[in-house]
Amino acid sequence: MICLEGRGGEIARETCGCKGEEPVLYRCRDCLGVEMVCCACVLQRHAHNPLHRVEEWHSTFFVRVSLKLLGLRIQLGHNPGEKCYNPERASGDDFVVVDVHGIHEIGLDFCGCETAQIHYKQLIHARWFPATATNPQTAATFSLMEFFHLLTFESKVSAYEFYHAIARRTDNTGTTPIRDRYAAFMGMIRQWRNLKVLKQAGRGHDPSGVDATSAGECAVLCPACPHPAKNLPEGWEDAPHDIRWKYALFLAIDANFRLKRKLVSNDNVDPSLNAGSCYFVEETVYKQYLSERGCEPQEKSTCVSHNAVNMADTKSSRGLAATGVGTVDCARHDMKLPNGVGDLQKGERYLNMDYLVFSVMVGFAVVVFNLSYDIACQWHKKLWPRMASMPPRLQLNRDNKIIRFFVPKFHLNAHVQSCQTEFSFNFGKNVGRTDGEAPERGWANINRVASSTKEMGPGARRDTLDDHFSDWNWKKITMLGQRMLRKVKEASRRAKLHREELNELQQSIPAPSLAVWKSEIERWEEDNTQPNPFESRVIPMTQAAIRRQLAKKEAADLQAGVDVSLHADISPSVLIASGIDLQDQQRCLAADSSALGQHATDTQKTKIFNQSNALRRRLDNWAQIQVLYMPAVAPIRATEDASRSEGTTALKPEKFRLWLPSQLDPHLPCDQKLRECEWELRYAQAHDALNDVQQHIRLFTHLNTFRTANVQGQRASTRARTALDLVVEKKHASKAKYDAAWDALTALAPSLGKVGWTDIMRPLGGTDMRPMGDFIQGQSEGTRDIPWIWKTPGVLQDNDEGLQDCLRIEWCKARAREARWSEELLLLLEEMRRVLMFLTWQGTWWSGLASAHHFKRSADSEGSRAYANRQSALREAMVEKFRQRWAIMTHSPSKALHH
């Protein structure tokens with residue numbers, strides 16, 4: 001790099017390659033290589049590249065030199081190198097071009113021939129964008145405009161930052177004056193954006209002209225949304241209800257208070273060039289509507305204290321012309337919709353949002369609408385009376401239409417319990433896995449321009465945001481192939497998984513209960529005024545009731561542990577049962593001993609010592625009788641006794657190994673009846689322990705709910721925490737009992753030929769011991785599973801009303817999960833079909849535009865046809881690419897459903 005600061009390999013060159021006598025002093029920074037040439041050659045070589053940066057060698061270093069000063073004249077209206085016999089110099093021979101290489105002062109001549117076009121058109125034909133149509137003195141190259149346009153989409157760079165970066169590339173020292181064309185550049189960007197929007201929407205091909213552009217016509221449409229006459233099948237309006245739901249339009253409503261605008265300029269000084277043709281509604285009629293009804297008060301929320309509702313009229317707007325924007329998006333594909341964006345003057349008032357919602361809805365001739373709004377529970381209540389007072393063009397004909405309301409999934413937990421079921425996407429029918437959070441994902445992208453748009457005038461800001469929304473939609477369209485394929489694969493896998501889980505759960509539920517629950521949920525799905533099957537119908541236990549139940553449980557455990565009598569003529573079954581009970585007592589003693597801590601009192605130590613002595617006597621008596629039934633144990637015990645030296649501490653009774661049949665080596669002799677007896681007892685023990693685990697989980701849930709809702713103060717909270725800890729301790733004790741039973745069953749099964757039992761009794765992990773409806777990390781309501789402990793056969797045989805209520809709710813949720821994923825798969829397959837059909841229609845539409853407008857000049861006609869044909873070919877290419885990518889799913893929907 002240091003070498004390039006000098007002449008490098010050209011240091012020995014004395015003459016130019018043209019063999020002329022002029023000194024070799026010049027080189028170009030933008031041409032390939034570092035060849036040094038003379039003045040005549042540098043001018044000749046740059047007739048086609050007049051905006052390159054040329055340097056002149058000044059004895060010891062290079063300095064920047066203008067091609068204009070060297071004598072280069074740029075002739076427009078003719079091909080480079082051709083002579084014009086009537087050239088017209090730019091006004092005052094002062095013309096500036098802004099290019100990616102820098103800001104250039106050039107010598108420019110317009111063509112003055114009889115057939116010459118007006119000056120601004122000569123500039124455009126040279127791919128230079130003029131700052132004005134009258135006597136232009138500034139232009140920007142198309143390459144610069146395209147580069148800035150794309151860069152601002154991806155990096156959100158402002159025009160100010162970009163222009164000054166170009167200026168610094170021209171001169172980064174401040175020693176050379178640079179012509180300031182920032183204001184002109186801003187104007188060119190405004191016009192460039194508007195012309196690109198009109199061009200891409202086909203307005204230049206319409207014989208009626210740009211003035212005939214209708215509201216929202218220049219917006220980039222979502223091809224996956226339902227568009228009658230474009231991507232819906234014939235007769236879709238008459239389709240049965242079990243098919244028509246797939247043709248629903250999903251709308252997501254939200255507001256963004258980061259996209260504010262300061263109180264600068266006004267619509268008269270800075271009008272929008274788009275004027276309602278894209279995403280922002282037309283400002284004049286919008287503001288007139290707001291001024292006529294702006295004094296209407298906002299009704300208060302009867303749900304939780306929604307700030308969006310209660311503070312809509314009080315949000316500070318000091319120094320602001322707009323506090324933010326409201327928007328209506330395509331809820332399933334995250335795209336902005338035509339005329340679905342508008343400024344907010346205060347907070348998120350119904351007045352503003354109603355106008356935006358109906359501006360979108362009247363543009364879609366569909367019969368099913370699913371609307372998502374984070375305050376839908378309040379907003380929808382008086383929506384239709386409010387619509388009746390709106391302008392006639394925004395009054396939606398509701399005849400034969402189905403309009404449903406939902407709350408986005410992320411926002412749903414902030415609502416009261418009744419809203420969490422009535423407005424849930426998880427429980428609503430025919431909505432798939434829609435989450436309603438589409439606007440939130442879009443805000444992350446557009447918020448990065450907030451710092452620059454808040455300083456703009458009203459028209460410039462709306463046009464800029466419109467431009468960014470169009471690019472956002474277009475990027476979403478180009479990614480539909482990959483995105484929808486990924487989603488349909490996931491939906492196929494999830495639908496199968498939740499179908500199997502639902503079937504497994506239903507096998508543990510008696511048929512009569514299942515029939516009743518199915519009837520209830522189907523009635524609620526058709527009419528939400530029916531009893532909600534997702535809501536609990538059991539009054540939660542009180543803290544006193546839970547303590548009483550715990551006391552009864554402890555009394556039962558104590559009685560079972562103490563009343564164990566061993567007789568000389570004890571039967572084999574009693575021997576094994578007593579041995580299992582002794583193991584339980586060993587676990588209890590071990591737990592009590594470990595809980596003592598380092599500073600236990602004498603009373604606590606005496607209690608443990610007495611328990612230990614009592615257990616030791618029972619173990620000795622039991623071991624003496626065991627030898628009668630299991631002689632193989634005697635040599636094992638003798639070996640154990642011999643291995644312990646006389647000086648060692650006596651074996652603690654909780655460490656004493658009983659050597660039940662399940663603990664013996666399978667090759668040692670043992671009465672098969674004893675093994676069968678232990679199997680039966682262990683199997684029952686596992687069931688009992690699992691039931692205890694379920695009860696403790698439910699007790700913990702009820703107690704924790706009661707504490708959260710009712711317990712206050714340090715003393716009461718400490719007591720409640722103690723009760724919770726006791727429940728957790730009991731749960732872990734029941735798990736230990738289950739683990740011991742499961743280990744014994746695993747050891748006995750091979751010798752007894754027991755198979756299939758592991759399908760019912762599985763290893764009990766920590767994540768299995770959670771309430772029905774609880775999630776583990778990475779799961780949500782739509783992706784979670786049901787712990788296997790709640791799906792074991794016979795779980796509903798428990799007459800506990802609370803358990804049956806929990807199972808009913810969990811079955812309803814499991815059914816909803818399976819239904820939503822199955823619906824999602826069907827929706828995705830339908831959306832894939834709609835995308836292909838829409839792009840095919842759009843390609844045909846562009847082909848028709850190729851010959852729609854007849855221009856006077858043949859060159860203009862050819863350009864019009866070329867652009868239309870290129871757009872048509874692009875849609876055909878996208879259709880082919882998407883079709884190849886989706887071939888497996890779209891050609892075999894049945895495979896996707898059962899994948």
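I began with the surface of the chain, which exposes about 44300 Å², 53% of it supplied by carbon and sulfur atoms; accessible areas come from the Shrake-Rupley method with a 1.4 Å probe, and for residues only the protein chains shown count as cover. I note that this is a predicted model, in which local features need pLDDT of at least 70 and side-chain atom pairs count only at pLDDT 80 or more, while totals for chains, interfaces and linings use all residues. Residues are numbered from 1 along each chain as its sequence is written, and side-chain values use heavy atoms, with hydrogens and water left out.

I then looked up Glu823, which is found in helix 26, residues 801–849 (helices are DSSP runs of H or I with at least four residues, numbered from the N terminus). Glu823 counts as buried because its relative accessibility is 8%, where buried means under 20% relative accessible area.

I listed the contacts of Glu823 (heavy atoms within 4.5 Å): leaving aside neighbours within four places in sequence, they are Trp245, Lys429, Asn430, Val431 and Gly432. Val431 is 392 residues from Glu823 along the chain, yet their C-alpha atoms are separated by 6.9 Å.

I next followed the side chain of Glu823 to that of Arg820, with which it makes a polar contact at 2.8 Å (a pair of N or O atoms within 3.5 Å, one able to donate a hydrogen and the other to accept it within protein; residues adjacent in sequence count only if both atoms are side-chain atoms). Arg820 also lies in helix 26 and is buried, with a relative accessible area of 2%. Not counting residues up to four places away in sequence, Arg820 touches several residues, including Phe425, Phe427 and Arg433.

Methods. Helices (H or I, at least four residues) and strands (E, at least two) are DSSP runs, numbered from the N terminus. Buried means under 20% relative accessible area, exposed over 50%, partly exposed in between (1.4 Å probe, protein chains only).
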